[in-house]
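Hi everyone, thanks for coming. Have a look at the slide, and I'll walk you through a few spots.

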Amino acid sequence: MGEAQAPSVFTIPPHRAFADALAEGLLKRWGKDPLALARGIVLVPNNRAGNAVISAFVRRAEGGLLLPRLVPIGDPDLDERLGSALDPIGQGAPLPPAIDPVRRRMILARLVQEERARAREPVDAAEAIRLAAELARTLDQLLVERVDPARLKTLEVAPELSEHWQKSLALLTIILDRWPAQLERLGRIDMVERRNLLLDRIARRWREQGSGASFVAAAGITSTAPAVAGLLKSVAWMDNGLVVLPGLDDEMPGDEWDALGPFARDPVTGTRRPSIETHPQFHLKLLLDRMDVGRAEVQRWAWSGGHDARAERSRAISNAMKPALFTGRWSEEGIVTRLSGIRALEVATPAEEAQAIALALREALETPERTAALVTPDRALAIRVSAHLKRWGIEADDSAGRPLSTEAPGTLLLAIAEAAAENFAPVPLLALLKHPLVKAGEERLGWLEKVRHLDLALRGPRPPAGLEGVSLYLQGGSDREQPVRRRAQPGWAEARTLLDPLADGFGRARLLGDLLGALRDAATALGGDGIWSGPAGRALADLLADLEAHAMDGPGDARPEHLAPLLKRMMDEIAIRPPQGGHPRISIWGLLEARLQQSDLMVLAGLNEGSWPSLPSQDPWLAPRVRSELGLASLERRIGLSAHDLANALGGPKVLVTRARRDARAPTIASRFWLRMEAMAGPMKRVAGLDHWIGAIDRPGTFTPAGQPAPVPPIEKRPRTISVTDVDRLKADPYAFYAQKMLRLRALDPIDADPSAAWRGTAAHDVLEIWAKEDGWKTGALEARARALFERADTHPVMRVLWQPRLMEALEWISAEIAEGRLIGRIPVKAEAWGALQIAGVELGGRIDRIDRFADGSLAVIDYKTGSPPSSRAVREGFSMQLGLLGLIAEEAGFEDVLGRAAAFEYWSLARGKTGFGYKQSPVDESGRWQKIVTAEFTAIARHNFIEAAERWLTGNEAFTAKLHPEYAPYGDYDQLMRLDEWYGRDG
């Protein structure tokens, strides 16, 4: 083959659009002969870079155009993609096939789990999968750099490491000793090793016999892997080959270039001077060193992209990124420090940043044919911007796609796994049954109605575990709960039919493959074919098929609770991109996509430390010192790559850089790149107008807050019945009474709630009622009834553990007090009885907890409280009259078989008193001392207060004013309905 006299290595500076300039140059050189262009090969870093190059060619294709073959060098099927460029077929021994990536991870996870178990530090299946992913990444780094894993055994730095790193290194050494045997057993090799061998073979073939193509162009490849560098070296020295690098700084002073490194070891001390791996040019310098090409041999690409920035932009970017030792040169004459064309926007929060970016992108569309792109490593910010753009009907072309775990099929699979792992607790169960893919289609509306009834029935504390526990829960309940639970039973029967196979499968499963099979069957039963359709569904089907196929190689002790985190970790790594693009002029790019393309407006967002550049993630297997000794890239090299990406993106014709001063948790620190630019050129020019539009776009023209509501329904529509427990609400917060009784709106208990005070009170009242009605207040029987309550399967664990001792002590006190009262002639005669009385044109009713009769025939009215009784002040001011009203009903023979004068009114509290749990308190006394009402006058006062309230709101025309007496309206069930925050405390 012919060999060039000098290497054909070129660079396209940042102020030019790489893909457009590349396409322009290739068309100028080979486009006159369409077949010559079609017979060419363009090597690109990956498929997404190839798409950018294809788009650049299409933009220049006035008519038909036969494109060159675009081959990603990272493609696992690189030999098939190159095809005839590797002819004659069969030359040399065939390469062994690469091990399947999923199978590889499963085997590594099993090895990790086994070795951690031997070290008495066991990990579950999900954690083993995570560690296996990091282990695979570490192994790949060793293979990419062609570092023999056996070197780990001979490292002399191991004794210097902390105990943690010594353990990790020892564990890693054992696993890597076992890994080759696993590969040999399977007849496979690592994919990275196969790619290395393949790249070596291609380089040797092209070096000795040529490629057979009209030209070979390696474009945008910046990987420093020795195998890649060897291939690029062969391409550079071919007579029809060329290497085109993005953003190599060919004007950087020589001393600065040499200061980057890498450096040889000192022959005396054996140490190595640290390289400046955080510099954006370091990896390009390392690549040129490995290609045996000097920077002076690199030529400037002669063609432009057609909408480039001015050349001084590249020089200003280069100066802004100077190594720290040379930043003093910013003040020298001739140093370009102007960042013209670059504007900045600094806002308060990420929400404002996303809004501003969306406005800037939308503004770009006002100019015909103008393009705009958002470039950011912050995926949360990108998703926010995409959501804002939909306000104008703009579906941005987001190259990164969305993780499979956030797509509908992925969320359904995770919901199934979580529901089964939590034994069908209410929250995951309802989340599963409400999923949009469950019963999708014509059955959907009817299904949702059934699930709604189940949702209402499962409100409150958690029912017993399992599907059978839910069934038993729906069949039980108090008289108040049974109607709601009965309505839920038909829908639950249908849901249980779908879920029984899942519960049985998970109950019998002992291996990961069995769990995955049960999960797949349940997904099909619940979601039908919809879960496996579309790009996300097909990706999910492929993932499950791979996992099932290789489950036997994976962790050995997988349990149901491990499955959801395991699947989520695997699905997070799979990006789903829609088959069709979005808006033709608005794009959202990650850093990888932005390396080779530019738009008229480049918005570089999220320029904060931790975002751009991102914080280096720790390697759990190799300590930084070990990485250095092995010659691997330091963790900080990613900062240099981020800097290079930023430098290329800053070369756009117009650039907007943005940051938020705080995130969701704390104030942020501006990116070191942002600070460098401002340190060199002074404060960047701020963009005008956007900060105003951020607030104005969602600000209403006029602000008209709601006033204090006071509805006045017709008298004939007002209730004519009221419970004694609702009288306080009617007087203190008439609007809440109106919403509850007339609008029939009731607050729902949370799902899977901890036992509230009301729920505990209901449970205590139920025990006391059963003891009274079935045991006749028999001494010693109350404790047995209470124990039976706590032994029920549906009793909440918090009740059983925390509240049972307190309740038992309080109930013992009640039993002793009743027994002691019997000795002086005080006999209980009524419990949990309903009584009613017609008064002031209204039926007043109420349930009394207990009535006792004294020896003289008078009555004691008792109300049980699980908390503190009402204060005497509330009673004096006309509230908390429940005991007085119940006494009034008793005196008027409102309770069956009970007649007499109410002579005592008592609260029996189960809360802690002075001597333990349980005490008595009365809102009245005989003489009216201690600021209390005289006992004999209590029912008369209660009658007067009730008649006054009834004549105002029930038989009168008084408005139901919200929060009339807020100090006696502590419950906020209707605060949102009355829009309390808009008017409360804002008089005038």
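So, which strands does helix H14 lie across? Helix H14, residues 379–389, lies across strand E8 (372–375), E9 and strand E12 (586–589), and runs at about 165° to E12. Helices here are DSSP runs of H or I with at least four residues, strands are E runs with at least two, and both are numbered from the N terminus. Axes are lines fitted to C-alpha atoms, for helices over the stretch in contact, and angles go from 0 to 180 degrees between N-to-C directions.

Quick housekeeping: this is a predicted model, where local features need pLDDT of at least 70, side-chain atom pairs count only at pLDDT 80 or more, and totals for chains, interfaces and linings use all residues. Residues are numbered from 1 along each chain as its sequence is written, and side-chain values use heavy atoms, with hydrogens and water left out.

Okay, the sheet. Seven strands make an open sheet with parallel pairing, in the order E9-E12-E8-E13-E14-E7-E15. Two strands pair if DSSP finds at least two bridges between them. At the edges sit E9 (397–398) and E15 (685–686), each pairing on one side only. Further in, four bridges join E13 (residues 601–604) to E14 (residues 654–660), and methionine 602 has valine 655 in E14 as its bridge partner.

Next, two helices. The axes of H15 (residues 408–421) and H21 (residues 534–549) come within 8 Å and cross at roughly 45°. That's why we call H15 and H21 oblique to each other; angles under 35 degrees are roughly parallel, over 145 roughly antiparallel, 65 to 115 roughly perpendicular, and the rest oblique. Who touches whom in H15 and H21? Pro409, Gly410 and Leu413 in H15 meet Ala536, Gly537, Leu540 and Leu544 in H21, where contact means heavy atoms within 4.5 Å.

Last stop, salt bridges: a side-chain nitrogen of Lys or Arg within 4 Å of a carboxyl oxygen of Asp or Glu. The structure holds 69 of these salt bridges. One of them joins arginine 290 and glutamate 145, with the closest N and O atoms 3.0 Å apart. Arginine 290 is in helix H11 (residues 282–291), while glutamate 145 is in the loop between H6 (125–144) and H7 (163–186), 145 residues apart. Buried means under 20% relative accessible area, exposed over 50%, and partly exposed in between, using a 1.4 Å probe and protein chains only. Glutamate 145 is buried at 16%, and arginine 290 is partly exposed at 29%.
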